[in-house]
Amino acid sequence: MSERIKTRVVGARLPYVDGVEKVVGTTQFVGDFNLPGVLTGLALRSPHPHARILRVDTSRAESLTGVHTVLSRENGPAAKFGINHQDETAFCIDKVRYIGDEVAAVAAVDEATAREALELIRVEYELLPVVDDPLSAFGEGVSLVHENVPNNLASQFHVTRGEVDAAFGAADATFEDDFHTHLAHQAYIEPTGCVAEPHPDGRLTIWGCLQSAFIIRTFMIAPITGMDPDHIRVIQTKPGGAFGGKLDVKAALMAALLARAAGKPVNFLLSLDEDLTAMRPRMPVHISLQSAFRADGKLLGKRVNIVAENGAYSSLSPAIMSSIALRTDNLYRTPTVDIEAKLVYTNICPSGQMRGFGNVQATFAWESHLDNAAVGLGIDPVELRLNNYVETGDLTLHGWKIASCGVADAARYAAKAIGWTEKRQQGGKGRGVGLASTIHVSGNKGFAVELGPSDKEPSSAVIRLDSEGRAEIWSGESDLGQGSASVMAFIAAEVIGLPVEDFQVPPTDTGCMPFGFGAFASRITLIGGNAVKIASENTRELLLRAAADVLEAAPEELLIEGREISVKGFPARKTKVKEVIRAVGGAIEGSGTWYAGGEVLDSKKYGNPSTTYSFSTQAAEVEVDMETGIVTVLKVVAGHDPGRVINRLGSEGQVEGGAVQAMSYCLMENLSPEKGRIRADNFHDYLIATSLDVPPVEHEFFETIDPHGPYGAKGLAETAINPTAAAIGNAIFHATGARLRSLPFTPERVLAAIDEVRSGY
Amino acid sequence: MDYLFVESVDEALKAAQSPGVAFLAGGTNLVPDVLFGRKKPDLAVDISRLKELRFIEEHDGRIRIGSLATLTDLLESDVVRTHALPLHECAAEFAGPLVRNRATVGGNLLDASPAADLAPPLLALDGRAELVSLEGKRSLSLDEFFLDYRKTAIRTGELLTAVSVRSLEKEDCSGYCKLQLRRAMAISIVSVALFLRIRGGRCTDVGIGMGAAAPVPYRSVGAENCLRGEIIGKEEILNSANAAREDAKPIDDVRASGAYRRRMCGVLLRRLLQNALNTSTGNLSA
Amino acid sequence: MSEHRIKLKVNGEAESATVQGHTTLLRALRSMGHLDVKSSCEAGDCGACAVFLDGEPVNSCLMFAAQANGCEIITVRGIGTEESLHPIQRQIVEKGGVQCGFCTPGIVVSAKALLDKNPNPSRQEIRRELAGNLCRCTGYQKIFDAIEAAAEEIRQ
């Protein structure tokens, strides 16, 4: 643990720096733009999960009055792209591979005309067999989603560490479980959208609710349009929620292509049903686990077999599958492991990332399995974990370097706060408690190098003080509503010494802001925060040097307090910050760059992918109606190790919001796919938690003061959501004796599981 | 779509003479149906401000509720709460406050969803529908109102003006239960409403309304017959619950399977009966 | 396709617009410049579009604009602006009851409706009154805290 530096602003209970605009409705979301002459862009989406395209005739649509452009395979770009595999094109060329796949797009004067144009596009399809079950999708004679990918295997790997068979042979007890997680959506309240505006000089501006403006610019728009990335200006609009779903955003490409073809600005905004059915939801996965233990509870080895559902295109799935396969091995001291993972194409929307990046699914499986092992070993589940957790300084079997770790303290807190000892005596009568832990990355080097400008992961920030002494922080790292702008403002205010209320953090603009990868992998507090800290130090230095001239003192002799600078010990020798800035021309700009730690994994997936790691342990208490199967979560307690809390209100909000999202995911959310068709395409069939569904969420933060993070801080957002589903599942088991291995825990499934227990299966 | 605002029932009826006309009340079903292209009326006749159809009154042992009474009106009505408790409890769990402020009794019934929330309590309480047309008035029992999946007995050119239910006496028992996948804003998996009259230790009258358990909302006659005229004990309750299961014709859908729904018909009714009798007489031999 | 000229009062100002028969009130308000009314599900499921209509909070997506002729509408900006925040708005910021902010305008409307009729609500009453407003970010806790604090501030 590094030293805990005393701070004024960092860690204090302060509101978001951009809260006021949100409560008065002035935040400009992407749907609030109204550029002069803007056209409405809409996509014609495949109505079939799998079909060959025989003919596309857009002529009638093109001649409809008010239609400016119609794009399809006939005139659209054919270049392939994709974050991990280049397996998609802007418009379907020979086949449609999921219901929602973009076959064509139109831009017209208004929505009614655009919709009419879509109706006029004639497409002839030849239906093909639907591949909808990843378990049976590879093998002889199965219909191929991509003709060039045999067995529908988008990717696979096999990794072994240590002598797994020997470990199982020597074990006192072995356990086995198969789990399945379902297709679930990020369900942000703001549907996704982008606006694109072409300029007479050939440049393009795109606005959108994007998690990473730079990734969209560089890996999607530039390669497909053939444009110089620097001629594409991507400006983030504040997302109305994202949770992973607004990273790989095809709407940006659609808007860009339509705007360039039409020569006019285009709004490409999805309706909610489009978003729920044709975006990139959380990856469904089958996880088979085996574990080997010594009688005293020491974990000896694991076998992991994963079949992950890719959907129609790979998007981020290979990386997500890696995450599922490896992460939980680094939470406990795991001497040996054998991992087989297969990523299978199916005819449904591409699996994308959702808060957790696979770790929700992996943690659900492993932490449920660990509970079963505890029962089998006759050891209390908390004790079993405490005996196996990694600790600060560990090097895990996959090469992860644990620089700080508070998971054990978090576990002891969670158990105490839920009333573990007393309540564990009362199982089987419809009330129960359960617990689960997680480890998560703060950034991911391999991903960054794959997508980035170099083999390094730089994050830069510029801080600009204006002539009034107010500050703007410019960073490529984006706030999605999770409060990272406030994290940056608090760090900057802490370092520079100016009042927090004088700091603003406008959304990322690639046209004028320095590079940052964007919001994913819980990287912003650590990586963006460090960049801002360095930029703040630089800005402070420049300010003090300018003030030194004005006050005729040395910079080291000066004090910044409020909006004034004075000479230490001589309070009468002072000046206003704005006077100093005006003296140097009206603006001061400081900058800084931080390079993230971590390394690219080798071909056996060995290495330290992230600068450092965050942890949490959560416990849940549930009540189960034993006759209807309805589960009520009475309480969640969350112990977190975020290194150091910077944005206190924000951190609490992340924990409360994340736990509720996880509860909602495991109890009531389901896109309910059937033969490639998503049946829950609105908010009365796709159910998320309402105000009447939420339990109180208590929390405590264990500040391990990580050596790498700003003031010791690490990420938090994903540790908040990873363990809750397992904690709830474990609590249901305690309450009923029924172990549920498939998500979601619908009342019907819970009741069926209770029936099985009662009938002695 | 054309839109016409009318200021009287008579004007509404005259405007509704052509086909392709939809009455617009709260709009909570019609407006999204039109926006999403599920319905394409040529003309929406806006009856939403016809004050004469928005009332709740009691006399002669019945409560009359105007078809434009909103769910909030139902929820806030003392008459409904004291004399038609299942209806009050149903209104309390209906959607959410924003929707309740606009959704109307008539709209919910005429949408004719098998899961129409108001139907089970109205059926259980001997509900009747009052309809008016240029030809005159008619009324019918709600038993006869739901004909088939999304089809009611209303004729073209007719307006549903009111429903009425029996007014419960102090000694009457009742109950309501809605099974749903979350605690608000959710379509029922199954819903059950109960009315029970015990006089001299014997059940003299009973009404059991079922929702989301068949293509139409219905009264579980089989379940009622197990109770009517009986001294209700453990056995009668179980028989009634069994009959409720048998009467049901539920489907499989995204929310639940038919088998689960059927089972829940029995569980919910059994619980309502046990609760109702425990609270009233306190001496149920269950 | 019929066109209708409608006259409304929005946040105290007389306004008029020409709408088609099928135009929803939500879409009309936004095209009239009231972008503080948010659009999401357009089916009454999420509450993002909530406004006061003649004193009652409703989903503006569930009405045709023509139905609102002659009505008085209050949106979140009619409840409070940057220059003069309503206690509900101020407390939502103070207590951390806002993250992405997309659901917030609708939540402010529902919260105001609650406190107007019940100045001292219990936490359960707050939960019930917000049941038609979906929030995906906060888990609702800090929104409840904010409304409790606002109620107390108003009572003083």
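What distance separates the centres of domain 1 and domain 2 of chain B, taken over C-alpha atoms? The separation is 24 Å. This is a predicted model, in which local features need pLDDT of at least 70, side-chain atom pairs count only at pLDDT 80 or more, and totals for chains, interfaces and linings use all residues. Residues are numbered from 1 along each chain as its sequence is written, while chains are lettered from A and ligands numbered from 1 in the order in which they are written.

In chain B, domain 1 covers residues 2-166 and domain 2 covers 173-280. These bounds come from an automatic or database domain assignment. The contact between the two domains involves 23 residues of domain 1 of chain B and 25 residues of domain 2 of chain B. Two residues count as in contact if their C-beta atoms, placed from the backbone, lie within 7 Å. On the domain 1 side, α5 (85-92), α8 (119-124) and β8 (146-148) of chain B each supply at least two residues. Helices (H or I, at least four residues) and strands (E, at least two) are DSSP runs, numbered from the N terminus. The most comes from α8(B), with six residues. By class, this side of domain 1 of chain B holds 16 nonpolar, one polar and six charged residues. Ala, Val, Leu, Ile, Met, Phe, Trp, Tyr, Cys and Pro count as nonpolar, Asp, Glu, Lys and Arg as charged, and the others, Gly among them, as polar.

Chain C is also assigned domains: domain 1 (3-78) and domain 2 (80-155). Their C-alpha centres lie 21 Å apart. Domain 1 of chain C brings 13 residues to the contact, and domain 2 of chain C brings 12 residues. On the side of domain 1 of chain C that touches domain 2, two or more residues each come from β3 (50-53) and α2 (76-79) of chain C. The largest share belongs to β3(C), with three residues. Nine residues of this side of domain 1 of chain C are nonpolar, one is polar and three are charged.

Chains A and C also touch. Chain A contributes 44 residues to this contact and chain C contributes 40 residues. On the chain A side, α1 (19-23) and α17 (648-667) of chain A give two or more residues. The largest share, eight residues, is that of α17(A). The side of chain A that touches chain C comprises 22 nonpolar, 17 polar and five charged residues.
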